[in-house]
Amino acid sequence: MSTSKRNINKIKFGFWPGLLLPLIMFLAMYLARYHEVGFWEYVQNLWRFYMLVKLLTLCVLPNLLLFLFFIRKKYDLAARGVLMATFLYAFLVIISKAL
């Protein structure tokens, strides 16, 4: 295994991008469609209409592409980190559904 592959093939190199990518997607959707409304007002409206959790769930889908990229490159530990971040989002969705 080469040195660069060992440096990238770590759980943290999959976890942090897997955690940040859905948030970046959420922000991109906000900026593309509802930029004239304030961000916190947008989030409050999504929460009020029970759409926040659904939208965040859709924002996690790009993690699948990141996961498949790491698997194809044989970065198994990084792929495991993406999976951990995705499970964290799933746990948050389950918690929010219980509220």
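So, the ring cluster: F26, Y30, Y34, F39, W40 and Y42 are linked by ring pairs. Rings of Phe, Tyr and Trp (its six-membered ring) pair here if their centres lie within 6.5 Å; planes under 30 degrees apart count as stacked, over 60 as edge-to-face, and the rest as tilted. There are nine aromatic pairs in the structure.

One of them joins F69 and F70, a tilted pair with 5.7 Å centre to centre and 55 degrees between the planes. F70 also pairs with Y75: the centres are 6.2 Å apart and the planes sit at 55 degrees, so this pair is tilted.

Before I go on, a word on the source: this is a predicted model, where local features need pLDDT of at least 70, side-chain atom pairs count only at pLDDT 80 or more, and totals for chains, interfaces and linings use all residues. Residues are numbered from 1 along each chain as its sequence is written, and side-chain values use heavy atoms, with hydrogens and water left out.

F70 is buried at 6%, Y75 is buried at 15%, and F69 is partly exposed at 42%.

Now to the surface. W47, L88, F91, L92, I95 and L99 form a nonpolar patch there, with about 650 Å² of accessible area together. Helix α6, residues 76-98, gives the largest share of that patch, four residues. L99 lies in the segment after α6, and L99 is exposed, with a relative accessible area of 80%. Thanks, everyone!

Technical notes
Patches are made of residues with over 30% relative accessible area and no salt bridge: like charges are joined within 9 Å, nonpolar side chains (Val, Leu, Ile, Met, Phe, Trp, Tyr) within 5 Å. Accessible areas come from the Shrake-Rupley method with a 1.4 Å probe; for residues, only the protein chains shown count as cover. A salt bridge is a side-chain nitrogen of Lys or Arg within 4 Å of a carboxyl oxygen of Asp or Glu. Helices (H or I, at least four residues) and strands (E, at least two) are DSSP runs, numbered from the N terminus. Buried means under 20% relative accessible area, exposed over 50%, partly exposed in between (1.4 Å probe, protein chains only).
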